[in-house]
Amino acid sequence: MSGSMKVAKMFGIPVFVHWSFLLLFFWIAYLTISMGLGLKFFFWYSALFLAIFICVVFHEFGHALTARRYGVQTRDIILSPIGGIARLEKLPEKPIQEFLVALAGPLVNIGIFLVLLSIQLVFGVGDMQVWTEPDFKSMMNVLLRGSFVTFMFTTLLGLNLGLAVFNLIPAFPMDGGRILRSLLAIPLKRVRATQVAVFIAQIIAGLIFIWAISNGEIILGLITVFVFFAARQENRIVRFDALLENKYVRDLVQPSFTRIYKFDMVQEATSRLKMGIERNFLVLESSEEDTVLGVLHEPYLVEAIKKNEEFTPVANSLSQRFETVRPEMNLKDLFHLMRKEGYTILPVVDDQNQLLGKVDMQGLNNFLTTQQKLGS
Ligand SMILES: [Zn+2]
């Protein structure tokens, strides 16, 4: 993923950190300086954030390693300031498997919580009294006056419990939303189960939104807006999956399309784009040889029109990020591949690598729109 840096590889799964994660340290530095809190505050909070970061990584490995038991691999784990994501290749389809994969993340945090709690109870390292403080700020003030170990133990104890509870809220895209959907999918069909789960997620998001706004909790309000739309997105994906389930690339392949050749000018493509007929193009070796060399994407072409660069050779500007697909590929897999990789157009080839035609996102979207109208 762009803007991310690989920091570790565990169980064969790379862990990436998004650059914006560094902002957290600037934010701590800013707080330290602006509030005149001193270096102790800076180091303690930085250590705390690193520890939370590790807990979130463990949470994501909970999902990833449980998914692996059901034969679902994880591409990578990405951490950003708003949380972690384990990018699974696909979701396990059996309800019970999805249930266990979703539950595994929060269970990891509950596990960490219980371990910390036992250590605290046996060795008395943490500060139990602090939980009686009226608010978070005064709690942190008390902890900052104590020892570093007490500070870390107590905050991590609370935060792991908080992470588990937050993720168990039964609303997409939280783990709780998936847990709810998987339970609903036992009596219902997956599409119906998702609709119900999304409906519940949106009601919960709506209620929290009203509470947040009337209490001046702007950030919480924004999170609920995000949850509302993420829930809608989940609904779309599952509905699309159902529509695409028994359809194949051969049903959608377009054998006739504008062929752009290596030695053509960019203008060959932009003239078609201006007509609004085709938006992305395959670039081929020559009219005698159907080998696909790359693709021309719409944003690039628009840029070329604006900059008056239409009369430059295609060869200088084609993108080589593409892969060929086969006619027997399931449309559901194609849809996920194109979304995941950000492909807009792909060549379809047969066993002999002969070009049969193209498939593109535009065609896929038109197909989905029609299918939805037909209500099949
Ligand atoms: Zn999770």
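How many residues lie between β8 and β9 in their hairpin, and which residue in the turn has a positive phi? The answer is taken up in point 6, after the overall picture.

1. Basis of the note. This is a predicted model, in which local features need pLDDT of at least 70 and side-chain atom pairs count only at pLDDT 80 or more, while totals for chains, interfaces and linings use all residues. Residues are numbered from 1 along each chain as its sequence is written, and side-chain values use heavy atoms, with hydrogens and water left out.

2. Overall layout. The C-alpha trace spans about 80 × 50 × 45 Å along its principal axes, and the chain holds 13 helices and 9 strands (DSSP runs numbered from the N terminus, with H or I over at least four residues for helices and E over at least two for strands). An automatic or database domain assignment divides the chain into domain 1 (1–168), domain 2 (170–244) and domain 3 (249–374), and the centres of domain 1 and domain 3, taken over C-alpha atoms, are 42 Å apart. Of the 376 residues, 43% count as buried, where buried means under 20% relative accessible area, exposed over 50% and partly exposed in between, with a 1.4 Å probe and protein chains only.

3. The four-stranded sheet. An open sheet with mixed pairing runs in the order β1-β2-β3-β4, two strands being counted as paired if DSSP finds at least two bridges between them. Its edge strands, each pairing on one side only, are β1 (4–10) and β4 (83–88), and the twist averages 25° from one strand to the next. Strand β3 (residues 74–80) is antiparallel to β4 over 6 bridges, and one of the bridge pairs joins threonine 74 to leucine 88 of β4.

4. Helix α8. Helix α8 (residues 218–244) packs against helix α12 (residues 331–341) at an angle of about 140°, with the axes 8 Å apart; axes are lines fitted to C-alpha atoms over the stretch in contact, and angles run from 0 to 180 degrees between N-to-C directions. Among the contacting residues are Ile237 and Phe240 of α8 and Phe335 and Arg339 of α12. Threonine 224 also lies in α8; this threonine 224 is buried, with a relative accessible area of 6%, and, leaving aside neighbours within four places in sequence, is in contact with Ala205, Ile208 and Phe209.

5. The β8–β9 hairpin. There are 5 residues between β8 and β9, and asparagine 353 in the turn has a positive phi of about 65°. The two strands, β8 and β9 (residues 355–360), pair in the antiparallel sense over 5 bridges, with lysine 358 of β9 as the bridge partner of proline 347. Strand β8 (residues 345–349) has 5 of its 5 residues buried, so it is largely enclosed by the rest of the structure. Ile345, Pro347 and Val349 point one way from β8, whereas Leu346 and Val348 point the other way.

Note on methods: Contact means heavy atoms within 4.5 Å.
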